[in-house]
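Here are my notes for you, one point at a time. Keep the model open while you read and look up each residue as it comes along.

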Amino acid sequence: MAKVRGAIEVDKEKCKGCGVCVTACPTHVIQLAKQVNGKGYNYAHMENPEACIGCANCALVCPDSVIAVYKVKV
Amino acid sequence: MGELKLMKGNEAIAEAAIHCGCDGYFGYPITPQSEIMETLMVEKPWETTGMVVLQAESEVASINMLYGGAACGKKVMTSSSSPGISLMLEGISYLAGAELPCLLVNVVRGGPGLGTIQPSQADYYQTTKGGGHGDYQLIALAPASVQEMYDFVDLGFELAFKYRNPAIILSDGVIGQMMEKVIVSDVKPRWTDAEIQKISGSWATTGKTKDRARHIATSLDLEAEKQEIHNHKLQAKYREIENKEVRFEEFQTKDAEYLLVAYGSSARICQKAVEICRSKGIKAGLLRPITVWPYPTKRVAELAHQVKGMLSVEMSAGQMVTDVRLAVSGKVPVSHFGRYGGVIPSPGEVVVALEKFINGGN
Amino acid sequence: MSEIQIQDIIKKENFVYGKTKILTDNVMHYCPGCSHGVTHKLVAEVIEELDIQEKTIGVSPVGCSVLAYNYIDIDWQQAAHGRAPALATATKRLMPDHYVFTYQGDGDLASIGAAEILHACNRGENITVIFVNNAIYGMTGGQMAPTTLIGMPTATSPYGRQAALHGYPLKITELIAQLPGVAYVTRQSVHTPAAVRKAKKAIKKGFENQARKIGTSFIEIVSTCSSGWKISPVESNRWMEEHMFKFYPLGDLKDAEKDNEEDYRKFIE
């Protein structure tokens with residue numbers, strides 16, 4: 001059975017760490033990083049990248065359009 | 001050559017708008033200027049020149065429709081009378097701040113407040129000294145005849161686009177309502193977007209094409225330093241207008257010993273007063289500012305070296321007289337005579353006032 | 001499990017979704033989690049999909065979204081507080097083949113600009129209105145808006161809005177839906193992926209309606225203001241679902257296409 005793998009790329013300097021994407025992710029891929037960006041925000045990142053299915057839900061709800069979504073069939 | 005027509009001052013404004021290729025009129029009824037929109041609605045220019053005419057829900061909406069239309073680089077205008085112009089002042093300040101060309105017409109009535117529907121000239125300060133907030137100026141033309149009501153529409157648009165600044169026709173209920181002969185000009189076609197660009201550059205919000213950055217019609221800059229730079233630019237423009245666009249007319253000033261200064265319908269009354277004075281042996285003359293901003297300060301100052309005194313005649317409690325005093329700078333006595341609250345002075349009253357002034361009274 | 005590496009997935013050919021090029025690269029000044037950001041993105045995506053960048057004029061309000069012109073790469077007019085519909089009216093009438101929209105908050109649209117929006121809609125101006133309702137004045141620091149819910153604390157209703165003192169929250173969208181000039185009125189939100197997809201469809205329809213010249217399209221986005229509400233962005237979304245949606249229920253209020261509006265218009269004529 002074909003499996004889908006996804007990944008996201010976060011423009012972490014523009015991320016404001018609102019966490020809306022964390023809630024929107026159906027497979028619990030995203031967490032806010034312990035580190036902060038230049039503005040002091042805990043930016044979003046893939047804590048659990050293997051679970052990403054590339055559904056783009058995170059990017060859809062992202063107010064700052066800082067998430068790019070990629071997807072492949074494996 | 002144009003046709004000769006008999007019309008009211010207000011009708012002349014409407015006819016001129018259609019003939020000069022105006023793109024849009026947005027207004028709200030108020031006496032004594034409602035004939036402007038009424039005439040446009042009868043003429044239906046949207047069927048001939050394509051001009052848009054719309055009755056707005058308020059003066060506040062009219063002036064902001066003007067902002068939208070002017071931002072598109074279109075020749076747009078509104079008209080109102082004193083209380084209506086007061087309502088528009090916020091929008092006028094925005095238009096000036098965003099450097100949008102447009103034409104306003106104020107057919108002034110007596111105030112303050114709801115005042116009266118009779119003619120007045122008590123909006124001089126409002127027109128020339130700001131009115132709205134911030135440091136801005138309107139190019140202000142003061143017609144004294146129905147022909148000038150007609151001609152100043154085209155001239156007002158020309159100046160507005162030349163300087164990307166709102167222009168205003170400062171009229172009053174006398175000129176708005178009276179009927180005179182007018183030479184009507186031929187119909188000029190409305191400008192195309194390309195023609196507007198040629199006249200005043202590429203700035204209008206006509207849709208962002210690939211070859212240019214987006215155009216933004218705004219008066220906002222949250223950074224104080226940038227807002228100051230913007231204000232410097234506005235002030236430089238205002239100085240240029242003051243240097244180049246002063247317009248005035250003189251009547252029997254060559255040998256005048258006493259000068260009447262009056263604009264608009266008061267100037268017509270003063271012209272007769274000068275004649276009466278001359279017949280009585282008083283060497284009176286008249287200076288009529290055609291632009292009340294920029295003001296003919298230089299000419300008034302020159303005449304201060306020639307005459308023994310100046311009397312500013314206005315249908316107000318004395319507003320323009322402050323500009324006369326500033327120009328004269330104490331060289332000769334300056335006084336004011338006015339009837340106001342909607343009352344029009346007679347030439348005889350002006351003569352009596354001048355005689356009193358000459359004899360050291362008032 | 002990890003036979004494929006992340007860098008093998010993050011490749012141009014595998015790209016499925018990201019920032020539209022109609023959005024500029026400017027960092028938005030909005031607070032973290034603000035609904036404005038999503039709404040801006042949806043407007044930009046619709047402009048891209050309809051390929052109307054060269055024909056679209058936006059009118060920004062006074063309020064948090066006053067600087068919308070920094071983010072969506074089209075020509076803009078910045079209006080005085082509440083007057084955006086007046087600007088849009090003239091712009092559309094003078095350039096009828098352009099797409100013209102206003103982007104307004106609840107203070108701008110439902111309070112100071114109530115007259116302009118009602119009359120523009122009543123004239124059936126062929127424009128699209130994007131109405132972001134977060135029940136508060138965000139820009140000026142969280143004061144009470146006409147849309148503030150009963151009991152909701154704000155800077156100017158610190159003990160909660162009371163009807164006797166402050167009057168009632170205004171359902172302006174329901175008022176707008178009564179007007180014959182209006183073709184499409186809908187209330188959406190952008191807090192979940194599903195809501196975002198629906199809101200985008202609504203915005204797209206609002207723009208497409210301009211080409212069909214059938215009257216005003218009015219799209220309310222029930223929104224959050226975590227700074228004004230003084231709770232986290234995620235908490236704000238929950239609070240909105242619990243409280244805002246009760247008073248401002250989501251869904252279409254009017255759709256001329258479906259409601260056989262033509263018959264109605266003939267009747268009133």
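**Notes on the model**

1. Let's start with chain B, which is divided into domain 1 (3-194) and domain 2 (248-358); such bounds come from an automatic or database domain assignment. Keep in mind that this is a predicted model, where local features need pLDDT of at least 70, side-chain atom pairs count only at pLDDT 80 or more, and totals for chains, interfaces and linings use all residues. As for bookkeeping, residues are numbered from 1 along each chain as its sequence is written, chains are lettered from A and ligands numbered from 1 in the order in which they are written, and side-chain values use heavy atoms, with hydrogens and water left out.

2. How do the two domains of chain B meet? Their centres, taken over C-alpha atoms, are separated by 27 Å. In contact (heavy atoms within 4.5 Å) are 29 residues of domain 1 of chain B and 25 residues of domain 2 of chain B. Together these domains bury about 2,200 Å², with 55% of that from carbon and sulfur atoms. Buried area here is the accessible area (1.4 Å probe) that two parts lose on being put together, summed over both. On the domain 1 side, look for Gln121(B), Tyr124(B) and Tyr125(B): they lose the most area to domain 2 of chain B, together 32% of what that side buries.

3. Next, the chains. Two pairs of chains touch, and the pair with the most contacts is B and C. Chain B brings 35 residues to that contact and chain C brings 36. About 2,800 Å² is buried between chain B and chain C, 59% of it from carbon and sulfur atoms. Glu57(B), Lys208(B) and Arg214(B) supply 24% of the area that chain B buries against chain C, more than any other three residues.

4. The contact of chain C with chain A takes 35 residues from chain C and 36 residues from chain A. The area these chains bury between them is about 2,800 Å², and 67% of it is on carbon and sulfur atoms. In chain C, the residues that lose the most area to chain A are Ile9(C), Ile10(C) and Tyr17(C), together 20% of what that side buries. And chains A and B? No contact joins them, and their closest C-alpha atoms lie 20 Å apart.

5. Now some helix packing. Two packed helices are described by the angle between their axes and the distance between the axes. Axes are lines fitted to C-alpha atoms, for helices over the stretch in contact, and angles run from 0 to 180 degrees between N-to-C directions. Helices (H or I, at least four residues) and strands (E, at least two) are DSSP runs, numbered from the N terminus.

6. In chain B, helix H1 (residues 9-19) packs against helix H6 (residues 146-163) at an angle of about 30°, with the axes 8 Å apart. That makes H1(B) roughly parallel to H6(B) (angles under 35 degrees count as roughly parallel, over 145 as roughly antiparallel, 65 to 115 as roughly perpendicular and the rest as oblique).

7. H1(B) has another partner: its axis and that of H2(B) come within 7 Å and cross at roughly 45°. That makes H1(B) oblique to H2(B). Among the residues in this contact are Ile13(B) and Ile18(B) of H1(B), along with Ile36(B) and Leu40(B) of H2(B).

8. Finally, a few backbone details in chain B. Which residues are joined by a cis peptide bond with omega of about 10°? Thr31(B) and Pro32(B) are, and Pro32(B) lies in the loop between strand E2 (24-27) and helix H2 (35-43). Another cis peptide bond joins Gly111(B) and Pro112(B), with omega about 0°; look for Pro112(B) in the loop between strand E5 (102-108) and helix H5 (124-128). Glu99(B), a residue other than glycine, has a positive phi near 55°, and is found in the loop between helix H4 (82-97) and E5 of chain B.
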